[in-house]
Amino acid sequence: MSVQLSWFVARARRRFAMSRECSLLLPRVCAALADPRQPGSDDTCLEKLLDWFRHLAAFDPTEKLVQDNPCLTEFITSVLALPEPSPSILSFTLRLAGILAASENRFQHLQQEKLLVRLFGRDGPLNSAMWEDASVRSGWVEGVHSMMHHQPALHFLCNGGGIDVIFTLQGDPSLFVASAASQLLVHVLTFSVEAEATKPLSTKDCDWPASAQMIIKHIEDSLQSSSASHIKQSLKLLTSLFGSCHATWTEVLWLGIAKQIESFLTEETVQAQHMLANLLLNMAWSPVFCDTEGSFWALVTSALERLTPVQAGPLAVGILRLYKCPQDVRIQALTVLLQPMDCILRAASQPLEYTGLLDESVSDPITVESLLSSKSSCASLLCQTLAHLEELLSLIRLPVDLPYTSLLRSLITILQFCNGFLSPASPLGSTISRILINCFRVQRSALDVLAALSERKGCDTLIGSLFDVLLAYLESPNTSPTVLKKTFQATSKWLVRLQELSCSNSQWQQTEKILEDVFLVLQKRLCSPCWEVRDSSLEFLTVLIKCLRDQDEFRQSLLSSEVPRLTENLLEDPESYVRASAVTAVGHLAFITYFAPESPVIGNQCNKENTVAKLQEILSTDSEGFPRRAVISIFTKWLRQGCTGQLEDTEQFVSRVIQTVEHDLDWEVRRGGLELVEVFCSQTVCQLGLSECPYAPVSSAVSSSIHQNELLQIFCRAKVFSFLFRSLCDCDKPVGQRACDILLGLRDNFYPVSTLKDSQGTGDSPAGRGIAWLQRTLGQGSLAQNFPTDDGNGVDFQDPESMMIVLGTIDLEELHDELNKSSDHMEKSPQSLLQDILATVGTTEENEADCY
Amino acid sequence: SYLSVFCLGPGAGQDVGRSCILVSIAGKNVMLDCGMHMGYNDDRRFPDFSYITQNGRLTDFLDCVIISHFHLDHCGALPYFSEMVGYDGPIYMTHPTKAICPILLEDYRKITVDKKGETNFFTSQMIKDCMKKVVAVHLHQTVQVDEELEIKAYYAGHVLGAAMFQIKVGCESVVYTGDYNMTPDRHLGAAWIDKCRPDLLISESTYATTIRDSKRCRERDFLKKVHETVERGGKVLIPVFALGRAQELCILLETFWERMNLKAPIYFSTGLTEKANHYYKLFITWTNQKIRKTFVQRNMFEFKHIKAFDRAFADNPGPMVVFATPGMLHAGQSLQIFRKWAGNEKNMVIMPGYCVQGTVGHKILSGQRKLEMEGRQILEVKMQVEYMSFSAHADAKGIMQLIRQAEPRNVLLVHGEAKKMEFLKQKIEQEFHVNCYMPANGETTTIFTNPSIPVDISLGLLKRETAIGLLPDVKKPKLMHGTLIMKDNSFRLVSPEQALKELGLAEHQLRFTCRVHIQDPRKEHETVLRVYNHLKGVLKDYSVQHLPDGSITVESILIQATAHSEDQGTKVLLVSWTYQVGILENILFKHLCS
């Protein structure tokens, strides 16, 4: 076990351990829960109680838990004795018993008291009216699942007829119960084979252990039965089995049922094609089957051929993601995915104009053509195919070569169909174009694939017509806001690609023309009445600047357009989301306007100051958090990139920002302010040569006390210390935590670890009194506020000397630990939970839940 | 035809906590609400969407998502669903819900990330991206989701912007109420729906058996308690979420302060008030008549007495009332103020909403008075603790009233406790004679509908029918034969010939053949002659012919005779006919066999 892992385990053990207080509370809690007169406890309390027991039981498999806490077995006994327990308590009891019985020792203990038989056996809830309640059935299944970790439990289940109950529950009206029952059977089967098989199972000598035999026989019988629901249940079970268990014995099981499964595929007597596809997919991903020669892959090929394109799609894409797979299967899978795209190309063009995506020998377009020419199936087939293609294209290493150029051509065609730019003469083409016109679903999916395709080489010849389509979408008033957003995403990706291309082939003219057109349309979109559109436009602009700000043509096109002016106007947008995006965009624009040395607007100091003043104003006066958060994050970015020096003295800038944000109502703005301070400190330390990299503790005594003093003076002047120490007492934890981290980092610059202890005697000086006060204040945590900084008791945060002493004296590590306990330290403790359950005892009046 | 409803709640039971219902109607799948459970801080807080993804990609499977109102148990999982699980289709909600929803989601996100170890939660950017996908709808506006599916919103009361939705495909429809309130309150009106006679009404049933006392009483009680505390110089803390109940209580206090001429300050601690109040102003048409009327003279949401709070004010001497976030007293400003004021018995905290187990709010509500805070400090709570529910749900009377208004064919109850729902179910079944369902979470309820589907009939077919019979008469329905063509979701009845022509199909004839064994030692042609004469005699009304090749025809039925290969004494009669013959082959067989 790694050191880190064992540390986590030890921490969890401590956190969930049965403390003395808990063991005192537990009997009363059990009594309250078993008392039918008490109002039902909140479901979440019961769930959390089970979570705790699960941890306790996992950490100690001995009988200690039940022996030390006899109230647990007493609780089970008393619930069993109730004539009519509430379903939630009975369900809780079943699950609790299962958790306790997960270890063999405790299982035996509960067996001796005959509790398990009474809970899970024939005479238990199973045969009572309570069984009608889905939560009781669910509790029963969960209880059995929890205990199924040792052979006695397995025998208990199989000998007591429990396995038949699970078979029945696979068809439960509650999907939750049915699904849990299926999972349980998979678990029992796997566990039985692994725990009980005496020798490795082989096809020749197939000696399944008894419990496994029961399940396998059930699977085989169901598959041969005439009941569609039984067949489906078994297919589902096999799918999750092959998905989760990759042991070699699964092949033995498969060989016994392969013929039957094949017949479902060929005879189509059961409508379970989706399930068959899932089953085959999970098997294809299992190492047990991926090496098999012949029969399995032949079945997969046959499935890809026989299933409809919609049914075969998920299987095909799953196969194409496999690195190890026979070539002919891969081709078949590729055919499934590319056929609809091929069909689109053929429908759109004269036969001789383009070749399709697929070789005609493998392509059988009739089914796909008929699906694409039907209104009800066209969009869904295309959307599914496009989603699968996007999934494939998002893989970094694609196991298969896709015909990128033709794919791009087919995407362009789809997008043209959708906006009515293409209505071909062929009957199929005109049908498809009529169906697809204004179909947002298909537009969105096609644009997603288009964006993903920009990463792949080999589509460059079509770039002109691609941008024609993208610009048409950007311009069209019919483009919906969601489609427009996706168009922006695709456009930004392809613009980056275009830049790369024009760098290599020097075709600047085309690039310039496209950029000009893009900014023209962006100007319009920035003035849209719809805030979603304005916001997406600003986000698009920011992405473009991030990616292309080093390119001359881009900068020129942007700056000669109206876009920068319109962007600044949006700083006053009525919608706060838009204001925030405008702040970010203006912040990034500044890199190519005010902060770029070669910028044409560099001399315009007035504009620069206006912009900064506007952002400052937003930070101090905007009534909503998003724009203020955006400003502080842009300021930090500027500082990080060394741009603030061009504005004014960085120290003054930081000081002013600190004073603005320290009273902000939004803790994320305050935390943003701390980030700014962190960057400022790190840069200042580096500039003075105290440390090479930010926050690296100095190895020996600080090299130069002159520098040290200078540093302290800068921080004091910028009011860094007062902000950091006040933040330690912030009512929102993340702020305090961040401040503490920064202070710890700062301290390491002044006090090498070895010298820290020596400096901790402060004496009875005024500074010492102040520090004692600060320590008390910090001890009170978030209760403290209104630091008096200038009266006799306070600490002068502007005084470098005091600050030096404070850094060495305050136990920041302890504070750090305290803050990291966070506000949920109290909430999550088991003791708090037990107290909360007990507190509700006796309250007859229920508080009506008024959910927010 | 049928429609099905699947409640994707937490665990298998009728647990109240988060709404998420999947409705399948005429091949369309709609998700109604996408709520979260605030009681958990792990995966259990969101519905388990894997039950839906079993059906394939979410965006392909679902036609749309509808959100009824901005409460988190109805919309809290939406950004998770659209930005993390991957639903990329349309989302519908009313304009106020779209405006207010992100405030609440953002508020909760901030509280959630404050807690340690909370992962797998959505970010601010995700909330925004999710809201950008939302299509806002107006009341009573029929919105066409696609060519077949349409939705329409009705006023639901409950909270600003809350709506009931009618979902309609063809002539089948479902109404989903979300949370609603049938009695007007201080700032909202009562829910209303027209007599739309849906196949199914899905109604919340939070207060299924309760007949609620008037909200006025609760309001009076609240004002009395606040007043008394302020009068004796105490401070009142009201922990709230940024929006919703807070505004209602603000109006209440503002009016009371004005009337009583009180001087104690009222503060609102969150920076979000302005935005919240802005929305209440913007959506004034969604409030009740009284507010709308007085709006002309004075805007109810421009408060004279309620001021923004500053942290330093908490230490000020003298009485005051403070609204602070978060509403469960587990972090942030409300907890900070609570810790300052808890020790003084003159002060009071009023909890107007639900508190999750483990929070300070939950603890003090359950009566705990010694709380262990961080660093093992014990906080003794001496201040008074009050719980006040102002939630506005329809009670049993209200639910019955809505059923009377909408006249559904079936009712399905959700969002309530099993026992209470059982009582109401019986009542509904008795009074309205409709089926009432109350499925547990995880169960699928299937309801068979009896839709009448309009079919177009070709003129040619109609003409032909009228040519052979009488003119059509509404009072005398007439059986008509034809070929039904189902194409692109339209149904047409045409003549078989036209169908063949339209679909470009060639006609094939299906012939049935049968062998009849006859004991007859004569030659084959003699047997044929015998059969011919017999049939000629008995089937006088039909055309029976003996052809030169030795076969017999009876209308289109063909009969041939051969000798049995093994037994020359037996002759085999081969009879062949088409399906069009109808009853003739029966008569023929009777005679042949006789």
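Helices (H or I, at least four residues) and strands (E, at least two) are DSSP runs numbered from the N terminus. The model is predicted, and local features need pLDDT of at least 70, side-chain atom pairs count only at pLDDT 80 or more, and totals for chains, interfaces and linings use all residues. Residues are numbered from 1 along each chain as its sequence is written, chains are lettered from A and ligands numbered from 1 in the order in which they are written, and side-chain values use heavy atoms, with hydrogens and water left out.

Strand β24(B) is joined by 5 bridges to β25 (residues 490–494) of chain B, and the two run antiparallel. Within this pair, B:T483 stands opposite B:V494 of β25(B).

A further open sheet of chain B comprises 5 strands in the order β26-β30-β29-β28-β27, with antiparallel pairing. Its edges are formed by β26 (511–519) and β27 (544–546) of chain B, each of which has a single partner strand and therefore one side without a neighbour in the sheet. From one strand to the next, the twist averages 20°. Strands β26(B) and β30(B) (residues 570–578) run antiparallel and are joined by 9 bridges, with B:R515 placed opposite B:L574 in β30(B). Helix α17 (residues 524–538) of chain B lies across β26, β27, β28 (552–554), β29 (557–563) and β30 of chain B, at about 160° to β27(B). The loop between β28 and β29 of chain B contains B:S556. B:S556 counts as partly exposed because its relative accessibility is 38%. The C-alpha atoms of B:S556 and B:L584 are 9.9 Å apart in space, the residues being 28 apart in sequence.

Strand β10(B) is largely enclosed by the rest of the structure, because 5 of its 5 residues are buried. Buried denotes under 20% relative accessible area, exposed over 50%, and partly exposed in between (1.4 Å probe, protein chains only). On one side of β10(B) the buried residues are B:E172, B:V174 and B:Y176, and on the other B:S173 and B:V175, both faces being covered. Strand β9 (residues 163–169) of chain B pairs with β10(B) in the antiparallel sense over 5 bridges, B:I167 having B:V174 as its bridge partner. The two strands form a hairpin with 2 residues between them, and B:G170 in the turn has a positive phi of about 60°. Strand β11 (residues 200–204) of chain B pairs with β10(B) in the parallel sense over 3 bridges, and B:V174 stands opposite B:L200 of β11(B).

B:E172 lies in β10(B) (residues 172–176). Although buried, B:E172 has no salt bridge, and the nearest side chain of opposite charge, B:R409, is 8.7 Å away. A salt bridge is a side-chain nitrogen of Lys or Arg within 4 Å of a carboxyl oxygen of Asp or Glu; Lys and Arg count as positive and Asp and Glu as negative, while His and the chain ends are not counted. The side chain of B:E172 makes a polar contact with that of B:T449 at 2.9 Å. A polar contact is a pair of N or O atoms within 3.5 Å; within protein, one must be able to donate a hydrogen and the other to accept it, and residues adjacent in sequence count only if both atoms are side-chain atoms.

Methods. Pairing = 2+ DSSP bridges. Axes fitted to C-alpha atoms, helices over the stretch in contact; angles between N-to-C directions. Contact = heavy atoms within 4.5 Å.
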